[in-house]
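Keep the viewer open as you read.

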Amino acid sequence: MKGFNIAENGGGSYRPLAILRWVMVIIFVSFGMQKFTLQSAQGIAQFISNSPFVSWLSVFGLRGEAYFLGVVEFVIAALLAAGSFSAVLSALGSFMGVVTFAVTWSFFFTTPGVVTWSLSTDPMAWNLTGEFLFKDIVLLCVCAVLFLASLPQSVVRLRTG
């Protein structure tokens, strides 16, 4: 584990954060690369058009909205990678990750047909798309942990200039 750099300091072991950070870098790079394919652009269109948060991306067209999101995901990956050396960049990248996954997870509720709510014995049933989106809560939590771990050091570094 000596090869992993971490920007966070404090009591206890912060080494597991390095593992989480680099896993998130890999995830954001792979998600970003996917956004540059037609198949991915077509796949995310239904989520974007129904979202109160990102429906404005449709001004860029089908491919443009996917390209925009891909670039954002590459930026987040770069900030998280640089965050292994800088707590401020770690906090910024992980916060952007939290926002990204919060918006993505909101698709679970804003995309028609993903979830069926009822008063039956199965009050919340979701289809494969819902299962795909539901896992993003874990990725949101990983980014939140990285953000909270880098925040104290970020504040100290910003105050000391």
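What follows covers a helix pair, a surface patch and a salt bridge.

A word on the ground rules: this is a predicted model, where local features need pLDDT of at least 70, side-chain atom pairs count only at pLDDT 80 or more, and totals for chains, interfaces and linings use all residues. Numbering runs from 1 along each chain as its sequence is written, and side-chain values use heavy atoms, leaving out hydrogens and water.

Start with helix α2 (residues 38–50) and helix α3 (residues 61–82), whose axes sit 9 Å apart at an angle of about 90°. That makes α2 roughly perpendicular to α3 (the label covers 65 to 115 degrees). Helices here are DSSP runs of H or I, at least four residues, numbered from the N terminus. Axes are lines fitted to C-alpha atoms over the stretch in contact, with angles from 0 to 180 degrees between N-to-C directions.

Who touches whom? On the α2 side you'll find Leu 38, Ala 41, Gln 42, Ile 44, Ala 45 and Ile 48, meeting Leu 62, Arg 63, Glu 65, Ala 66 and Leu 69 in α3; contact means heavy atoms within 4.5 Å. By class, that is eight nonpolar, one polar and two charged residues.

Helix α3 also gives the most to a nonpolar surface patch, with four residues. Its members are Val 29, Met 33, Phe 36, Tyr 67, Val 71, Phe 74 and Val 75, together about 560 Å² of accessible area (Shrake-Rupley, 1.4 Å probe). Patch residues have over 30% relative accessible area and no salt bridge, with nonpolar side chains joined within 5 Å. Val 29 is in helix α1.

Finally, Glu 73 forms a salt bridge with Lys 35, their closest N and O atoms 3.3 Å apart (the cut-off is 4 Å between a side-chain nitrogen of Lys or Arg and a carboxyl oxygen of Asp or Glu). This pair joins helix α3 to the loop between α1 and α2, 38 residues apart.

Conventions. Helices (H or I, at least four residues) and strands (E, at least two) are DSSP runs, numbered from the N terminus. Angles under 35 degrees count as roughly parallel, over 145 as roughly antiparallel, 65 to 115 as roughly perpendicular and the rest as oblique. Ala, Val, Leu, Ile, Met, Phe, Trp, Tyr, Cys and Pro count as nonpolar, Asp, Glu, Lys and Arg as charged, and the others, Gly among them, as polar. Patches are made of residues with over 30% relative accessible area and no salt bridge: like charges are joined within 9 Å, nonpolar side chains (Val, Leu, Ile, Met, Phe, Trp, Tyr) within 5 Å.
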